[in-house]
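Trainee: I would like to learn how to read strand pairing and helix packing in a model. Please take me through one case.

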Amino acid sequence: MTAFGTSVLIAKLAMLPVLVSSLEFLYAPQVLSDHGLMSWAIFRVRAAWMCSGITGKILDRLLSWSFVRPLLCLRIALSLAILLIPWERTMTPLLLLPLALVEWLFVLRSSYGKDGADQMSWITVITLMLMSFVPNTAVQHAGLYFLMFQVCWSYFVAGVAKAMARNWWNGTYLTSIANMKTYGHPGVGKFLMNHRTVAMTLSGGIILWECLFPILLLLPQPIPAAVLVSGILFHLSNAIFMGLNCFFLAFTALYPALMFVVCPELLSRFFSVS
Amino acid sequence: MAEYIVITIFICWGLTCVLTHVPHVGRWIRKCDLFVLIPEWRFFAPRAGEHDFHLLYRDRNTNGEVSNWHEVQAGGSRRWWNFAWNPHKRANKALFDLSVELSSIIVNQTDGIQLSLPYLSLLTVVSAEQRVVRTGQTQFMILMLKKNPTETTSQILFISDPHDLC
């Protein structure tokens, strides 16, 4: 598969978390209202340029509660257009630039209630937009390497941060998370509470997997391919047991970039379009 | 020319992501990051949240009578289909973020708490809750719950001052 084909595949896959997250906001929009937990009316006071002067006026017009639904509809329309447009016309600034602007408005609106999936989606959209400006092989390669770096860096940083906490090594934090209402799962939480050794092993495995992820990709096949499969399973389990649905979509959307670099033949076998 | 510009942007962006982890430089970079392009990958590390946060409020009417504590239903409970569709995760996460930020403000500063974003946000949320009578005052509380092998423990993180309901 060519670099351009891989970029297009990523662009289409990356629209799924944008689409799902927009539909979720439309289904339960109250959180974005002026009296909600992600209120723009409150959050805008964090910086003078966001609540005063000409920038304050423009942003208030665009991000006010009354404009949220139209903005979400625009976000859905743009992500659907990128998802459904013919393959060769996907990487166009005509769609990616407005989408990046809409994404930026949502990034500005509130930092509360956001997670790693939103952050990765935002980075992906900006990267794809830059790639669409110069659709030549060198830029497509650079963009794919950059996206690969972001995935590897995210795991590595999180892994090192966990490795520095004793309660991650002994499984305490993993058990606590599994028992939370917000991110937990009653069955898994109870199981880990009753099986401390499993919790410790699983937690240590996550730390090592996250820290070693970038290094393992450099080893000979089939190790990188196995690491990528384990990554997909890792995100899938996070979606099932923690409810992090967009996290799964946002991160696995970038796996074609990893495949393009470490196992291109596998990418071509899975996705025959080039 | 354009290709060199885009490739340079990618290189600088990547380097900046790495430099963010240098203590003093990182703080400065985050301050300048208007577009929020520099990610903060933590994934529950180094300290994972161990508690669920609950937002409660109570009112005092004009006669001085104080109501019971009522919980604000921020998000819904977990359902089996949340692996694909989880519309209430934002509200749960927002309450989590606001509570964590408020707790760090409580630890690090003694005054100005009432003007902080989490305090104002939470007060706005409880003030907007449906009531039979909207007179008197309201105050909110953040309660932390943690499930242990034998019991569920609760701890009060914060109780606000009473504020007039308008």
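Mentor: In chain B, strand E1 (residues 52-60) and strand E3 (residues 137-147) pair in the antiparallel sense over nine bridges. Strands pair if DSSP finds at least two bridges between them. This is a predicted model, in which local features need pLDDT of at least 70 and side-chain atom pairs count only at pLDDT 80 or more, while totals for chains, interfaces and linings use all residues. Residues are numbered from 1 along each chain as its sequence is written, and chains are lettered from A and ligands numbered from 1 in the order in which they are written.

Trainee: Which residue stands opposite Asp52(B)?

Mentor: Leu145(B), in E3(B).

Trainee: What else pairs with E3(B)?

Mentor: Strand E4 (residues 152-159) of chain B runs antiparallel to E3(B), joined by seven bridges; there Ile142(B) stands opposite Phe158(B). Strand E5 (residues 163-164) of chain B also pairs with E3(B) in the antiparallel sense, over two bridges, with Gln137(B) opposite Asp164(B). In a regular strand the side chains alternate between the two faces of the sheet.

Trainee: How many helices and strands are there in chain B?

Mentor: Helices (H or I, at least four residues) and strands (E, at least two) are DSSP runs, numbered from the N terminus. Chain B has four helices and five strands, in the order α-α-β-β-α-α-β-β-β.

Trainee: What is the radius of gyration of chain B?

Mentor: The radius is taken over C-alpha atoms, and the globule rule is 2.2 Å times the number of residues to the power 0.38. For 166 residues a compact globule would be near 15 Å, but chain B has 21 Å. Its C-alpha trace spans about 75 × 40 × 30 Å along the principal axes.

Trainee: Now a helix. Which residues of H5(A) are buried?

Mentor: A residue is buried if 20 or more other C-beta atoms, placed from the backbone, lie within 10 Å of its own, exposed if 12 or fewer, and partly exposed in between. In H5(A), Val68(A), Leu72(A), Arg75(A), Leu78(A), Ser79(A) and Ile82(A) are buried. Seen down the axis of H5(A), they fall within an arc of 130° (taken from the directions from the axis to the C-beta atoms), so they line one face of the helix. An α-helix has 3.6 residues a turn, so residues three or four places apart point the same way.

Trainee: What do the buried residues of H5(A) pack against?

Mentor: Helix H1 (3-27) and helix H6 (93-109) of chain A, where contact needs C-beta atoms within 7 Å, placed from the backbone. On the other side of H5(A), Ser66(A), Pro70(A), Cys73(A) and Leu84(A) are exposed.

How values were computed:
Contact = placed C-beta atoms within 7 Å.
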